[in-house]
Structures are given as C-alpha cells and as structure tokens.
Amino acid sequence: RARAASGEWSAPSEGIFVVGTAASAANLTITELNYHPSDPTPTEAAADPTYRDDDFEFIEFKNTSASEIDLSGVSFVDGITFTVPATTILQPGAYALIVENQAAFEQRYSAGLPIIGTYADKFSNDGESLRLVDIEGNDIANFTFNDTWYQPTDGDGYTLVPVDEDATDADRSNPASWGISCLLLGTPGAANGGVLSHTFEGWLNYHFDAAERADQSISGP
C-alpha cells in the first residue's frame, strides 16, 4: 500500500518475484498429455461412482535444463486454466504434473507423484489449442493438437507424448513431433520410455501381436 499526504492508504498491490532462474521456453516443455483418458475401470467406479473418463486427465512438464527452475506464475491461458503457485521449484530433469481431479488420478496412478495442482475446465476430446506462458506472458508452448492424429490416445488409454521430450523448439502443432505412449495409461511423473510413432511400424505394433506381425499374410504391407 502507499499512503497519500491526506493520510489515506491505497489498495494493496501484489506481485510474484522469482529469485533464481524462471521457467521459460528455453528450459520447460510439455512431455505428456492425457486429453481423453479411458473410462473408469470397475474398481475405480466402485471407489467413486461419479468418476468419468475426463477425471483422469493430466498434463506433464519437464525441466530440460541442468539447473533448477522456478515455475511460479507459469500459466495456461488457452485450453485449460491454471497458474502455478508461487515458490514451485523444479529440479534439473524433473517432471511436474497438473491434473483435472487429484482423487481420481491417484486412484488410477497411486499417490506420491509430483502433482503441483489441479486445473479448471477440461481438455476437449476432439483436440484444441493450448497455450502455456511464463511469468512475463511469453509463450512456453502454443500449439493445437487433434484427436485424429493417433487413435489410441483418443479414449483407448494411451497418452500423447513427444517424440523428443527434451526438445524445447519443436513444432508441437505438427503431429510428426508426437507419438503414442509405449505403456497403457502412460507414465505420469516419469520418462516416457519410448514412443510408438504413427509410422507403419507403429501402426503394426498397435494392431498386431508378435506372431501376427511375423505372418505377412496377416500384417504384410
């Protein structure tokens, strides 16, 4: 507050001050997106009958730099709504998660994962534009994804993951920069462990088992 000569005090003025290295497009990237999760399992539905598929949504970030960064004030301004709380620090190479419903997420993935908050709104199952900005309003990520890119990520339980999770300059609106998580349900809070790209080989791996892939009469070009 500031006090005028008349003795009256002004309205409060607030701000977030980052000490150290602030998160930016140079050191933070989105590394996993679960925009249309699979339906609740019988066990999950028994735990809470109100759970819906979108309650299990999440998005993951990674610090791609060699030093810790301060995520304070980093915000989603398109697609979903969320601002990272002050004093949120991410160590080098570490991951952070924001989720739609923490109770549902922990029912499916277990507690103890690096959740830093829950976001408002939900991802569109049909794809949409997402924009993530730093504390000064500069773009960290600004792209549009589409559910037609990779069918297994659209309600079948697989997540959308970048081909190179350390790339901070990739064109994320290009489907070629993304692929399908190798593991069903993804790997929130951890390295992706590989990507099934939507090449012919990725398509084969998704639709056929090893014996069927070996039989050219079934899976040959």
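F58, F105 and Y109 form a single aromatic cluster. The structure is a predicted model, in which local features require pLDDT of at least 70 and side-chain atom pairs are counted only at pLDDT 80 or more, whereas totals for chains, interfaces and linings use all residues. Residues are numbered from 1 along each chain as its sequence is written, and side-chain values use heavy atoms, with hydrogens and water left out.

Rings of Phe, Tyr and Trp (for Trp, the six-membered ring) are taken to pair if their centres lie within 6.5 Å; planes under 30 degrees apart are classed as stacked, over 60 as edge-to-face and the rest as tilted. In the pair of Y35 and F145, the ring centres are 4.9 Å apart and the planes stand at 50°, so the pair is tilted. Y35 belongs to the loop between β1 and α1 (42-47) and F145 to the loop between β10 and β11 (160-162), so the contact ties together parts 110 residues apart in sequence. Helices (H or I, at least four residues) and strands (E, at least two) are DSSP runs numbered from the N terminus. Y35 has 0% relative accessibility and counts as buried, as does F145 at 1% (buried, under 20% relative accessible area; exposed, over 50%; partly exposed, in between; 1.4 Å probe, protein chains only).

R108 lies over the face of F56 at 3.8 Å from the ring centre, and the charged end of R172 sits over the ring of W178, 5.4 Å from its centre.

An open sheet of four strands, paired in the antiparallel sense, has the order β5-β4-β9-β10; two strands pair if DSSP finds at least two bridges between them. Its edge strands, β5 (82-83) and β10, each pair on one side only. Strand β9 (residues 129-133) pairs with β10 over five bridges, and S129 has T144 of β10 as its bridge partner.

The largest pocket has a volume of about 150 Å³. A pocket is an open set of points on a 1 Å grid over the protein atoms alone, where a 1.4 Å probe fits, with protein on both sides within 12 Å along at least five of seven lines; lining residues have an atom within 4 Å of a point. Of the 15 lining residues, I140, A141, T168, A170 and R172 are the closest to the pocket centre. β10 supplies the largest share of the lining, four residues.

Terms used. Points joined across faces, edges and corners; volume = space filled by probe spheres on them. Lys NZ or Arg CZ within 6 Å of the ring centre and 35° of its normal.
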